[in-house]
Structures are given as structure tokens and as C-alpha cells.
Amino acid sequence: MSETAFSDLHSPGELDALLMRAHRALETGRPDRARVLAQRALAGAEACQHRPSEARALAGLAYCDWLAS
């Protein structure tokens with residue numbers, strides 16, 4: 001998936017792909033990159049009101065915060 005604007009993320013599949021990229025970034029020790037991806041997913045999920053993706057993005061952001069603390 002290419003870098004997309006927040007408003008371009010409208011389908012749950014696109015949000016899922018972005019969240020999977022965030023997860024891989026965490027697995028490879030890149031929490032800053034994971035945070036950026038999770039923030040994009042959150043904005044997209046909020047825009048299309050997809051609550052499951054919104055919850056996953058928030059959980060990812062919380063995990064990034066935990067790692068940073």
C-alpha cells in the first residue's frame with residue numbers, strides 16, 4: 001500500500017493493511033514509524049467511522065506510548 005492521505009482510507013481492508021504495517025514496524029523495532037502509521041489509520045477509521053479499526057489504531061498508539069515510557 002502506498003503512502004495515502006487520511007481521507008483516502010475508506011475501506012476496512014485498507015485500514016487493516018495500514019495497521020498491519022504498523023504492527024510490522026513495532027516488530028522490527030521502529031516504534032516511531034509504527035506511531036505514524038497508527039495515527040494515519042486512526043484518522044482514516046474516524047473518517048469512515050469504522051470502530052474496530054479505530055480501536056486497533058488506539059491500541060497500537062497506546063503500545064507505542066508504553067514503549068516510549
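1. Let's start with the secondary structure. This is a predicted model, and its protein chain holds 3 helices and 0 strands. Read along the sequence, the pattern is α-α-α.

2. Next, the chain as a whole. Of its 69 residues, 29% count as buried. The accessible surface comes to about 4100 Å², and carbon and sulfur atoms hold 56% of that area. Among the contacts with a separation of 6 or more, 48% are between residues 24 or more positions apart.

3. The buried residues in α1 are Leu 15, Leu 18, Leu 19, Arg 21, Ala 22 and Ala 25. Seen down the helix axis, they fall within an arc of 150°, so they line one face of α1. The cover over these buried residues includes α2 and α3.

4. Helix α3 can be read in a similar way. It runs over residues 51–68, and its 18 residues should span 26 Å at 1.5 Å a residue; the end C-alpha atoms are 26 Å apart, which agrees. Which residues of α3 are buried? They are Ser 53, Glu 54, Ala 57, Gly 60, Leu 61 and Cys 64. Because they cover an arc of only 125° around the axis, they sit on the same side of α3.

5. What do the buried residues of α3 pack against? Their partners are α1, residues 12–27, and α2, residues 31–48. On the face of α3 turned away from its buried side, you will find the exposed residues Pro 52 and Trp 66.

6. Finally, a word on the cysteines. Cys 64, one of the buried residues of α3, has a relative accessibility of 2%, and this value is under 20%, so Cys 64 counts as buried. Cys 48 has 25% relative accessibility, which lies between the 20% and 50% cut-offs, so Cys 48 counts as partly exposed. A disulfide is a covalent bond between the sulfur atoms of two cysteines. With a pair of cysteine sulfur atoms within 2.5 Å as the rule, the count for this model is 0 disulfides.

Methods:
Residues numbered from 1 in each chain as written. Predicted model: local features only at pLDDT ≥ 70, side-chain atom pairs only at ≥ 80, totals over all residues. Heavy atoms only, no water. Helix = DSSP H or I, 4+ residues; strand = E, 2+ residues; numbered from the N terminus. Buried < 20%, exposed > 50% of the residue type's maximum accessible area, 1.4 Å probe, protein only. Contact = heavy atoms within 4.5 Å. Areas by Shrake-Rupley, 256 points an atom, 1.4 Å probe, with all protein chains shown as cover. Expected span 1.5 Å × (residues − 1). Arc of directions from axis to C-beta.
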